[in-house]
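Reader: I have the sequence and the model up on my screen. Can you walk me through it?

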Amino acid sequence: MNLIFLGAPGAGKGTQAQRIAEKYAIPQVSTGDILRRNVREGTELGRRAREYMDRGALVPDELVVAMVAERLGEPDCAQGFILDGFPRNISQAEALERTLGSLGRELDRVIGIEVDSEELVKRLSGRRVCRSCGASYHVVYNPSKAEGLCDRCGGETYQRDDDKEETIKARLAVYERETLPLVEYYRGKGLYRAVNGVGDVDAVTRAVVDAIGR
Ligand code: AP5
Ligand code: MG
Ligand code: ZN
């Protein structure tokens, strides 16, 4: 199963991708998580990506496209993958087609998780993320069992640098301008399936599973 999870910042791409990845035993490929790991480890890629991420802008295509091509070529992606946060514009979508073509693979579905912008802001401002495994929590909607600690791995949870009000606004604007056109793009290819992303996390997971089979 070769899947893309599309949606605005805070729509629940990461939350749902993690669950679906476990269910189908395929990896979640989150470009945001990979970039944050590079920033944390101080790699050349992380050093170049950081200034864009801090202001909520997209990291240049050439950096992200190469990173994804390398990741999708790894053995654990051979049975399928969930792309979470990629592609984010038409040029990345075209690059992905070339990458998949060279691997002899095709996309099966693009799942669009739809949430209104008022709800997105609430979700992002209360989000906490696990430093070790990337799991997402919310101080009100989806708290971890022990405050400050991840349910899955016991790691420490923290607030992402780009989950500040100003940066959230910038990220939402970038989404509307650059990423939203992908909905029509994938609709045109017959791959897009919309899911209502509002409701409890389990209900959204059921809707995603349903959309994958539709
Ligand atoms: P990235 O890490 O991809 O961030 P994003 O797209 O802004 O999306 P988020 O991770 O913020 O949201 P999500 O949809 O995963 O929501 P989550 O499940 O956490 O990208 C970060 C940056 O990296 C970009 O700004 C850019 O600079 C760079 N970047 C990444 N990819 C790139 C690319 N391809 N090209 C160029 N640059 C790139 O949920 C959010 C919150 O809501 C959590 O608190 C969660 O607990 C809660 N929640 C989830 N579901 C529900 C529910 N059903 N009800 C209530 N609360 C819920
Ligand atoms: Mg995410
Ligand atoms: Zn964890």
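Author: One term to begin with: helices (H or I, at least four residues) and strands (E, at least two) are DSSP runs, numbered from the N terminus. In those terms, A78 sits in the loop between α4 (61–72) and β3 (81–84).

Reader: What should I know about the model and the numbering?

Author: This is a predicted model, where local features need pLDDT of at least 70, side-chain atom pairs count only at pLDDT 80 or more, and totals for chains, interfaces and linings use all residues. Residues are numbered from 1 along each chain as its sequence is written, chains are lettered from A and ligands numbered from 1 in the order in which they are written, and side-chain values use heavy atoms, with hydrogens and water left out.

Reader: Back to A78. Buried or exposed, or in between?

Author: A78 is partly exposed, at 47% relative accessible area. Buried means under 20%, exposed over 50%, and partly exposed in between, with a 1.4 Å probe and protein chains only.

Reader: And how far apart are A78 and R40?

Author: Their C-alpha atoms are separated by 28 Å, and the two residues are 38 apart along the chain.

Reader: Zinc next. Which residues hold ligand 3?

Author: The protein donors of the zinc ion (ligand 3) are the SG atoms of C130, C133, C150 and C153, at 2.3 to 2.4 Å. Donors here are N, O and S atoms within 2.8 Å of the metal (3.2 Å for Na, K and Ca); water is not among the atoms, so sites may look incomplete.

Reader: What geometry does that site have?

Author: Tetrahedral, with angles of 98 to 116° among the 4 donor atoms. Four donors count as tetrahedral if all angles lie between 85 and 135 degrees.

Reader: How are the donors spaced in sequence?

Author: The pattern is C-x2-C-x16-C-x2-C. C130 lies in strand β5 (residues 127–130) and C153 in the loop between β6 (136–138) and β7 (157–158), so this pair ties together parts 23 residues apart in sequence.

Reader: Now ligand 1. How many residues surround it?

Author: There are 36, and the closest are T15, A57, R88, R127 and R171. A residue counts as near if one of its heavy atoms lies within 4 Å.

Reader: Which backbone atoms are in polar range of it?

Author: Among them, a polar backbone atom of K13 is 2.8 Å from an oxygen atom of ligand 1, and a backbone N or O atom of G85 lies 2.9 Å from a nitrogen atom of ligand 1. The protein buries 97% of the 1,000 Å² that ligand 1 exposes when taken alone. Those areas come from the Shrake-Rupley method with a 1.4 Å probe; for residues, only the protein chains shown count as cover.

Reader: Which element gives the most to that shell?

Author: α2 does, with 4 residues.

Reader: Last topic, side chains. Where does N89 sit, and what does it contact?

Author: N89 lies in the loop between β3 and α5 (90–103), and is buried at 9% relative accessible area. A polar contact of 3.0 Å joins the side chains of N89 and D61. A polar contact is a pair of N or O atoms within 3.5 Å; within protein, one must be able to donate a hydrogen and the other to accept it, and residues adjacent in sequence count only if both atoms are side-chain atoms.

Reader: What does the side chain of T179 reach?

Author: The backbone oxygen of R88, at 2.8 Å. T179 belongs to helix α7 (residues 165–179) and is buried, at 5%.

Note on methods
Four donors count as tetrahedral if all angles lie between 85 and 135 degrees; four count as square planar and six as octahedral if opposite donors are over 155 degrees apart and all others between 65 and 115; anything else is irregular.
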